[in-house]
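Me: Could you take a close look with me at a single part of this model? I would like one connected walk through it, with the cut-offs spelled out.

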Amino acid sequence: QKLNLRIELLRIDTLDLKTSATLADCDLFVSDRRSPALQSWSLFDSVDMPVNLFRSQVHKVNDRNLILPGRKTILCDETQDYLSGLPKPEYTPIIESDFISSVIRSVVDGYGTAFLPIAYMLEPMEQGLVTRAGPKKGYWSHSLYIYWKNQENWSEWLKVFLKNINAGIQG
């Protein structure tokens, strides 16, 4: 039997025809939000990931330059909420991308700093490309929600997936 792992960047408040068609072919769905629109799916688990500030260790960085995840993501909302609680704006947003890989690459290349979950930055940290600042528990916690339709086919895979994510978080 064919399994379809598909990770989509979607703001799901209601399921329109396009989104419904996208999800119809999937057995597993990872989202950064809980949604009543996913009532036909089972919530397998949620993962809370600490968020820290990251900067390049390889390139000279203007620490005031901020790289943001795109406005389609909860992570962007969380970052904006955190920044709004600071006494005065210390950061100037210079890059915004819907692709987390672009945000990570921009940090590594020294364009600025970014608030990202530690789990997203494990590889660049292990390679010595970035440094992290902030408390070990993070400035806040970012959550991912894992939904599934076909529990039997995915249960072992999901256990390993969550074990690896949690190992990275505790890293």
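Which glycine follows helix 3, and is its phi positive or negative?

Reply: Happy to. This is a predicted model, in which local features need pLDDT of at least 70 and side-chain atom pairs count only at pLDDT 80 or more, while totals for chains, interfaces and linings use all residues. Residues are numbered from 1 along each chain as its sequence is written, and side-chain values use heavy atoms, with hydrogens and water left out.

Glycine 110 follows helix 3, and its phi is positive, near 85°. Helices (H or I, at least four residues) and strands (E, at least two) are DSSP runs, numbered from the N terminus. Helix 3 covers residues 100–108, and its buried residues are Val103, Ile104, Ser106, Val107 and Val108. Buried means under 20% relative accessible area, exposed over 50%, and partly exposed in between (1.4 Å probe, protein chains only). Those buried residues pack against strand 2 (42–56), strand 3 (65–69), strand 4 (92–97), strand 5 (114–117), helix 4 (122–126) and strand 6 (130–133).

Glutamate 78 counts as buried because its relative accessible area is 18%. Leaving out residues up to four places away in sequence, glutamate 78 touches Trp140, Ser141 and His142, where contact means heavy atoms within 4.5 Å. With tryptophan 140 there is also a side-chain to side-chain polar contact of 3.0 Å. A polar contact is a pair of N or O atoms within 3.5 Å; within protein, one must be able to donate a hydrogen and the other to accept it, and residues adjacent in sequence count only if both atoms are side-chain atoms.

Tryptophan 140 is itself buried, because its relative accessible area is 13%.

Next come the rings. The whole structure holds six aromatic pairs. The rings of tyrosine 82 and tyrosine 139 have centres 5.2 Å apart and planes at 50°, so this pair is tilted. The pair joins distant parts of the chain, 57 residues apart: tyrosine 82 lies in helix 2 and tyrosine 139 in the loop between strand 6 and strand 7 (140–148). Rings of Phe, Tyr and Trp (its six-membered ring) pair if their centres lie within 6.5 Å; planes under 30 degrees apart count as stacked, over 60 as edge-to-face and the rest as tilted. Tyrosine 82 is partly exposed, at 24% relative accessible area. Tyrosine 82 also forms a tilted pair with tryptophan 140, at 5.4 Å centre to centre and 35° between the planes. Tyr82, Tyr91, Phe115, Tyr139 and Trp140 form one aromatic cluster.
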